[in-house]
Amino acid sequence: MPVVHFTQNLQRHVACPSIRVDGATLAEALAAVFAENPRARGYVLDEHGALRKHMNAFVDGRQARDRIGLSDPVAPETEIWIMQALSGG
């Protein structure tokens with residue numbers, strides 16, 4: 001089962017420990033996380049279910065390509081990291 005991790009800076013706002021979940025896509029894995037922890041959803045996804053502007057998801061070390069539909073595939077051994085995106089200069 002894929003494991004989803006949240007960085008410590010997100011955990012300052014809402015408790016979201018690492019969790020193993022079922023899912024074949026990033027969307028399915030995150031849906032399983034948010035079924036267990038609905039409060040975390042609002043920090044990560046917007047009202048349309050897309051990644052918020054200042055959030056990033058990494059699937060096995062690669063930035064997620066589909067920020068809207070979250071269709072990036074995940075395998076049983078996948079590690080997903082959710083973190084705030086940095087901006088500015």
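## Close-up views of a predicted model

**Figure 1. Leu-70 lies in the loop between β4 and β5.** The model shown here is predicted. Is Leu-70 buried or exposed? Leu-70 counts as buried because its relative accessibility is 3%, and the cut-off for buried is under 20%. The backbone of Leu-70 also deserves a look. Its phi is positive, at about 55 degrees, although Leu-70 is not a glycine. Most residues other than glycine have a negative phi.

**Figure 2. Ser-71 sits in the loop between β4 and β5.** Ser-71 has a relative accessible area of 45%, so it is partly exposed. Which residues does Ser-71 contact, once its neighbours within four places in sequence are left aside? They are Thr-25 and Asp-66. With Asp-66, the link is a polar contact between side chains, at 2.7 Å. Now find Glu-28. In sequence, Ser-71 and Glu-28 are 43 residues apart. In space, their C-alpha atoms are 8.6 Å apart.

**Figure 3. β3 and β4 form a hairpin with 2 residues between them.** The two strands pair in the antiparallel sense over 2 bridges. Phe-58 stands opposite Gln-63 in β4. Look next at Asp-60, in the loop between β3 and β4. Asp-60 is not a glycine, yet it has a positive phi of about 50 degrees. Is Asp-60 buried, partly exposed or exposed? Its relative accessible area is 48%, so Asp-60 is partly exposed.

**Figure 4. An open sheet of 5 strands has the order β2-β1-β5-β3-β4.** The pairing in this sheet is mixed. Which strands are the edges? They are β2 (19-20) and β4 (62-63), and each pairs on one side only. Helix α2 (residues 26-36) packs on the sheet. The helix touches β1, β2, β3 and β5. Its direction makes about 65 degrees with that of β1.

**Figure 5. Strands β3 (residues 55-59) and β5 (residues 79-84) run antiparallel.** How many bridges join β3 to β5? There are 5 bridges. Two partners can be picked out. Met-55 stands opposite Gln-84 in β5. Asn-56 has Met-83 in β5 as its bridge partner. Strand β3 is mostly covered, with 4 of its 5 residues buried. In a regular strand, side chains alternate between the two faces of the sheet.

**Figure 6. His-5 belongs to strand β1 (residues 3-6).** His-5 is buried because its relative accessible area is 12%. Which side chains make polar contacts with that of His-5? One is the side chain of Ser-18, at 2.7 Å. Another is the side chain of Glu-79, at 2.8 Å. Leave aside the neighbours of His-5 within four places in sequence. His-5 is then in contact with Ser-18, Glu-79, Ile-80, Trp-81 and Ile-82.

**Figure 7. Asn-37 lies in the loop between α2 and α3 (38-44).** Is Asn-37 buried or exposed? Asn-37 counts as buried because its relative accessibility is 18%, and buried means under 20%. Which residues touch Asn-37, apart from its neighbours within four places in sequence? Asn-37 is in contact with Val-14, Ala-15 and Cys-16.

**Figure 8. The whole protein has 3 helices and 5 strands.** Along the sequence, the pattern is β-α-β-α-α-β-β-β. The radius of gyration is 12 Å, close to the 12 Å that the globule rule gives for 89 residues, so the protein is as compact as a globular protein of that length. Its C-alpha atoms fill a box of roughly 35 × 25 × 25 Å along the principal axes. How much of the protein is buried? Buried residues make up 38% of the 89 residues. Residues 24 or more positions apart account for 50% of them. The accessible surface comes to about 5,400 Å². Carbon and sulfur atoms hold 52% of that surface.

Notes:
Residues numbered from 1 in each chain as written. Predicted model: local features only at pLDDT ≥ 70, side-chain atom pairs only at ≥ 80, totals over all residues. Heavy atoms only, no water. Buried < 20%, exposed > 50% of the residue type's maximum accessible area, 1.4 Å probe, protein only. Polar contact = N/O pair within 3.5 Å; in protein donor to acceptor, adjacent residues only side chain to side chain. Contact = heavy atoms within 4.5 Å. Pairing = 2+ DSSP bridges. Axes fitted to C-alpha atoms, helices over the stretch in contact; angles between N-to-C directions. Rg over C-alpha atoms; globule rule 2.2 N^0.38 Å. Areas by Shrake-Rupley, 256 points an atom, 1.4 Å probe, with all protein chains shown as cover.
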